Amino acid sequence: MTADLNQANTKSAQGVNAQLNDLLKDAKNLNREIDKTNSEANKNIDGIEAVVDRSVNKITRIYSDLDAIEENAGDELDKLVLQRTKDLADE
Amino acid sequence: MEKGLITSTPESTKEEPVETETEAEAKAKESEEKKPAKASGVNRILGRMEIAYNQFWVNRHEKKAVQLKNKIDGSDLKIRALEQSKQEIALAIGDLKAQNIPGSETLKLKIKAIDQEITGFSNTRDAVQSKLEERENKAKLYTNKRDRVADKLIGHYDEKLEPMEEELENLQTCKDQVDLVMAVTEAKHGEQLEKLNNIKKRKTQLENALRTTGMSEKQVQKFEAVKALTDLLVQGREKVRLEWDDLMQRKARINEKIADVDAKANPYRDKREKFARVKAGRPVSMEVATRQRVSEFKGTEEATSHTRTESSEEKPSGVYETSPMEAKVAESIEKDKERRTASDYISGWNTYLQKKYGGDLLATETVNSKDFLSSTRLSSDYKLDFKDFKNILTRYYKLKKMPADKLNADIDKFFADTIKVQK
């Protein structure tokens, strides 16, 4: 009787084990799917970030160009002010 | 840009007493010392521009010019009075002649004397006017020189601001792309977490089945497949969590970079307008009967003002945000877990729009299925629930800068009328 029960249990456990292994396969596939999703998202964000960095660099260059232009204009204005001051002193 | 900081506004200098150029220089130096070391570039350059104009006029030239103008006016008055006397004497001569009364010659001599006097005043007036015109011309010359500097700056700014705006627009698109990637990933993660939940449920059932075979709790937990499953479930969740955290951080970093350059853009946009505005300070017109030679400065004097053009592109102020939906519909969408393929949703949405708006519908208001799938990198048979579809579609509309009024007005109705009914 006990032997029969043990045999039945073993059989049942084997059945459950088979189902668990199928589930394990599903879980592994799902993990691979998660990896793929994450990898795709990272790849996309990498691409976008590269474009952002390029644009940010371009804009930063524009800002420094404008600063340099202003500096030159400042020099011109300084000369103008000095010249005007000199003219007034000569009058 | 570390040059002298000279700030002088027309308002502040107007009320100051007239000062000599040496005093002006000293004041400028003093002002430079008093200013904080790190004043903004725009104030420095604008200050110099203003002083290039103000120092001339406000210091003493304007006062002198007014004095000269007064002299001219005085001469004009005297000349007019003498001309009037001349006319009266001429009338008197006429009367004497008509009545054959002698003595008109004396009056003629008087007229001659008046003429000489008029000539004298006219000569003085001309000399003074020449002086005034010379001063005015000098002032205009300096104003024009200042304007040329401002114009050059404005030109450079116009040249640089256009590509800057293009790049900023490009960055906005990048921001929208990030949002779309996040929305798609969120939908996929949501589906994967649900699958993990289902596996967990199934695992619990199988663990119970093992217990019924007489296995102890310890034995069940040590069962190889159970252990492996437990690990995989933990790993899966952890991967989703870590990835999401990472994506959020990267999104924040990207947004921070964009916000940083975007914030710096406004002062540059404003500067261009300030340079244009600084040209508004013009020499005071003395309203003297000007001579022809003065006209040579008119061309440059009448420099056109560069008004600041308002950007026609309005930032979407919540247009793309999801419209406030009725609690019932929202709840219903939230609860709806039925998944449909991306293609089904798109064709359903386009059909819905066609049906509702018919001929009034613009081609740009429907979704191009091919472009949608390529932008979202979803496969046409990828299944998602309505909430995720709505979220992704909203981001897609924003990225493609599609008119969102119909999306906002109809997306929930589309769910209620089409998706819910089909179930």
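In this predicted model, the largest nonpolar core holds 56 residues. The residues with the most contacts inside it come from both chains: A:Val52 from one, and B:Val178, B:Leu180, B:Val181, B:Val184, B:Ile392 and B:Tyr396 from the other. Chain A contributes through helix H1 (2–90). Chain B contributes through H4 (104–212), H6 (224–278), H9 (342–357), H11 (386–399) and H12 (405–422). Each of these helices supplies at least two residues. H4(B) gives the largest share, 16 residues. In soluble globular proteins, nonpolar side chains tend to be buried together.

Leaving aside residues up to four places away in sequence, B:Ile392 touches B:Leu180, B:Ala183, B:Val184, B:Ala187 and B:Thr376. Another core, of 15 residues, lies apart from the largest one. Its members include B:Leu196, B:Leu210, B:Phe223 and B:Leu232.

Now consider chain B as a whole. Its secondary structure comprises 12 helices and two strands. From the N terminus, the order is α-α-α-α-α-α-α-α-β-α-α-β-α-α. Chain B has 423 residues, and 27% of them count as buried. Among its contacts with a separation of 6 or more, 86% join residues 24 or more positions apart.

Is B:Ile419 buried or exposed? B:Ile419 is buried, because 22 other C-beta atoms lie within 10 Å, and the cut-off for burial is 20 or more. Beyond four places in sequence, B:Ile419 touches B:Phe386 and B:Phe414. B:Glu338 is 81 residues away from B:Ile419 along the chain, yet their C-alpha atoms are separated by 9.6 Å.

Next, the interface. Here 52 residues of chain A are in contact with 68 residues of chain B. On the chain A side, 25 of the residues are nonpolar, 13 are polar and 14 are charged.

How far does the predictor's confidence extend? The complex receives an ipTM of 0.85 and a pTM of 0.66. Chain B has a mean pLDDT of 76, with 70% of its residues reaching 70 or more. Two stretches of chain B call for caution. Over residues 1–39, pLDDT stays under 50, and the model has 51 contacts there beyond four places in sequence. Over residues 290–327, pLDDT also stays under 50, with 26 such contacts.

Notes
Residues numbered from 1 in each chain as written. Chains lettered and ligands numbered in written order. Predicted model: local features only at pLDDT ≥ 70, side-chain atom pairs only at ≥ 80, totals over all residues. Core = buried A, V, L, I, M, F, W, Y, C linked by C-beta atoms within 7 Å. Buried ≥ 20, exposed ≤ 12 C-beta atoms within 10 Å, placed from the backbone. Helix = DSSP H or I, 4+ residues; strand = E, 2+ residues; numbered from the N terminus. Contact = placed C-beta atoms within 7 Å. Nonpolar A, V, L, I, M, F, W, Y, C, P; charged D, E, K, R; others polar. pLDDT = per-residue confidence, 0-100.
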